[in-house]
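Here is my note on the structure you sent over. Please keep the sequence and the coordinates open while you read.

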Amino acid sequence: MPTGTGYREKIWDHASGAVLVEEAGGVITDGRGEALDFGLGRTLGENFGVVAAGKDVHAKVIAAVKQARAEEAQGQ
């Protein structure tokens, strides 16, 4: 997930990895479960981090990320 305010993932750091994960049968999205958008310039500025996992566990990872973000927002 993003490490700090103003940090933006760079597309060149993730484009080739995204292809490898998908070709291996995995799923890669941002932390909200949205597709990574490599078409907006040099950064993944509209995305929230990167999550790559097998198809069988990806939804569980996204659910855990969403729960952690909700708890963080509530100050837990």
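This is a predicted model: local features need pLDDT of at least 70, side-chain atom pairs count only at pLDDT 80 or more; totals for chains, interfaces and linings use all residues.

The numbered points below go from the whole chain to single residues.

1. **Overall build.** The protein has two helices and two strands. Read from the N terminus, the order is α-β-β-α. The C-alpha trace spans about 35 × 30 × 15 Å along its principal axes. Helix α1 covers residues 11-23. Strand β1 covers residues 26-29, and β2 covers 51-54.

2. **Burial and surface.** How much of the chain is buried? Of the 76 residues, 22% are buried. The accessible surface comes to about 5100 Å². Carbon and sulfur atoms account for 52% of that surface.

3. **Contacts across the sequence.** Take the contacts between residues at least 6 apart in sequence. Of these, 53% join residues at least 24 apart.

4. **Charge.** The protein carries 8 positive and 11 negative side chains. The centres of the two sets lie 2 Å apart. Side chains of opposite charge can pair when their charged atoms come close. How many salt bridges does the structure hold? It holds one.

5. **The salt bridge.** The partners are Asp-30 and Arg-32, with 2.9 Å from N to O. The cut-off for a salt bridge is 4 Å, so this pair qualifies at 2.9 Å. The two side chains also make a polar contact, again listed at 2.9 Å. Arg-32 is partly exposed, at 35%.

6. **Asp-30 and its surroundings.** Asp-30 sits in the loop between β1 and β2. Buried means under 20% relative accessible area, so Asp-30 at 0% counts as buried. Leaving aside neighbours within four places in sequence, Asp-30 is in contact with Leu-36, Glu-46, Asn-47, Phe-48, Gly-49, Val-50, Val-51 and Ile-62. The backbone nitrogen of Phe-48 lies 3.2 Å from a polar atom of the Asp-30 side chain. Gly-49 is 19 residues from Asp-30 along the chain, yet their C-alpha atoms are separated by 5.2 Å. When you inspect the Asp-30 side chain, look at both Arg-32 and the backbone of Phe-48.

7. **Thr-29.** Thr-29 is in strand β1. Its relative accessibility is 7%, so it counts as buried. What does the Thr-29 side chain make a polar contact with? The partner is the side chain of His-58, at 3.0 Å.

8. **Gly-31.** This glycine is in the loop between β1 and β2. Gly-31 is buried, at 1% relative accessibility. Val-61 is 30 residues away in sequence. The C-alpha atoms of Gly-31 and Val-61 are 8.7 Å apart.

9. **Helix α1: His-14 and Trp-12.** Both His-14 and Trp-12 lie in helix α1. Which of them is buried and which exposed? His-14 is buried, with a relative accessible area of 18%. The cut-off is 20%, so His-14 falls under it. Trp-12 is exposed, at 53%. Since exposed means over 50%, Trp-12 falls on that side of the cut-off. Beyond four places in sequence, His-14 touches Glu-9, Phe-38, Leu-44 and Val-50. Trp-12 and Gly-49 are 37 residues apart along the chain, and their C-alpha atoms are separated by 14 Å.

10. **Gly-45.** Gly-45 also has its place in the loop between β1 and β2. Gly-45 is partly exposed, with a relative accessible area of 25%. How far is Gly-45 from Tyr-7 in space? The C-alpha distance is 8.6 Å, across 38 residues of sequence.

Conventions: Residues are numbered from 1 along each chain as its sequence is written. Side-chain values use heavy atoms; hydrogens and water are left out. Helices (H or I, at least four residues) and strands (E, at least two) are DSSP runs, numbered from the N terminus. Buried means under 20% relative accessible area, exposed over 50%, partly exposed in between (1.4 Å probe, protein chains only). Contact means heavy atoms within 4.5 Å. Accessible areas come from the Shrake-Rupley method with a 1.4 Å probe; for residues, only the protein chains shown count as cover. Lys and Arg count as positive and Asp and Glu as negative; His and the chain ends are not counted. The place of a charge is taken as NZ of Lys, CZ of Arg, CG of Asp or CD of Glu. A salt bridge is a side-chain nitrogen of Lys or Arg within 4 Å of a carboxyl oxygen of Asp or Glu. A polar contact is a pair of N or O atoms within 3.5 Å; within protein, one must be able to donate a hydrogen and the other to accept it, and residues adjacent in sequence count only if both atoms are side-chain atoms.
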